[in-house]
Amino acid sequence: MRLTRRSAVAALAGAGAAMTLAPAGAQDGSLFPITGEDGKPVVNYKVPVELESRIEEMPGVVVIGNKKGDVTLAEFYDLNCPFCRKAAADAGMLVATDKELRLVLVPFPVLGVPSIQAGRIELAVAKLGTPEQFLAFHRRVFSVRGTIDGARALAVVKELGMSVPAITKAADDDATTDTMLAHVRLGNSLGLQATPSWVIKGVAVLGHPGRKALEQMVASVRRCDQVSC
């Protein structure tokens, strides 16, 4: 897979910005008493409604679960983030057990050049494949050990029976670079300084709090229209 110096530099510049900037109050972590599996508080803060609404407007995001569900949970992740591997498994279980949940998967390649290369392949899968194919790619990649780069992501494409030439061509297109940068810039605007990060009901949650905490947040949204009652 081709990765031009221009696209790599541009994407890395955006990634660096995403990991260093955050809105005021993002580090307080005191909006809601969300606790992770380790018993420690999880940073969370309010995000503007107009920014949250932009998540699903971006190309390259994929909605799985119930498309007309009553609660929407967006996950920003990097394919080389070890915590995202656990988050992907937990999110998959949530979707399997909660038939009213909408899960929005947002590729967020911020952990270096291999992530950018793999992210380009992933965005091409999102563009050319079905949501089911994207989810199969997503799950298969997270089952692979070691660093995921463009070549390893393409190997998964081949394994799933998708067209490697078509995916490679789409991955190398400038439009894919634009999509990737749009994802990173929105993550920057939302102050997402960790992978994975979640956005639900106007609140950003940094890091993976665990399946139980995610279930509690979804239940709270249904019960009192906010992340914690």
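Student: Where is Asp90 placed?

Tutor: Asp90 has its place in helix α3, where a helix is a DSSP run of H or I with at least four residues and a strand a run of E with at least two, numbered from the N terminus. This is a predicted model, in which local features need pLDDT of at least 70 and side-chain atom pairs count only at pLDDT 80 or more, while totals for chains, interfaces and linings use all residues. Residues are numbered from 1 along each chain as its sequence is written, and side-chain values use heavy atoms, with hydrogens and water left out.

Student: Why is Asp90 called buried?

Tutor: Its relative accessible area is 9%. Buried means under 20%, exposed over 50% and partly exposed in between, with a 1.4 Å probe and protein chains only, so Asp90 at 9% counts as buried.

Student: Which residues does Asp90 touch, leaving aside those up to four places away in sequence?

Tutor: Asp90 touches His208, Gly210 and Arg211, contact meaning heavy atoms within 4.5 Å.

Student: What makes α3 oblique to α9?

Tutor: The axes of α3 and helix α9 (residues 211-224) come within 9 Å and cross at roughly 45°; such axes are lines fitted to C-alpha atoms, for helices over the stretch in contact, with angles from 0 to 180 degrees between N-to-C directions. Angles under 35 degrees count as roughly parallel, over 145 as roughly antiparallel, 65 to 115 as roughly perpendicular and the rest as oblique, so α3 is oblique to α9. On the α3 side the contact is made by Asp90, Met93, Leu94 and Thr97, and on the α9 side by Arg211, Leu214, Glu215 and Val218.

Student: How many aromatic pairs does a search of the whole structure find, and why is the pair of Phe76 and Phe108 called edge-to-face?

Tutor: The search finds two. Rings of Phe, Tyr and Trp (its six-membered ring) pair if their centres lie within 6.5 Å, and planes under 30 degrees apart count as stacked, over 60 as edge-to-face and the rest as tilted. For Phe76 and Phe108 the centres are 5.6 Å apart and the planes at 90°, so this pair is edge-to-face. Phe76 and Phe108 are both buried.

Student: What are the values for Tyr77 and Phe142, and why does that pair tie together separate parts of the sequence?

Tutor: Tyr77 and Phe142 are 6.1 Å apart from centre to centre, with 65° between the planes, and this pair is edge-to-face. Tyr77 lies in strand β3 and Phe142 in helix α5 (residues 131-143), so the pair joins parts that are 65 residues apart in sequence.
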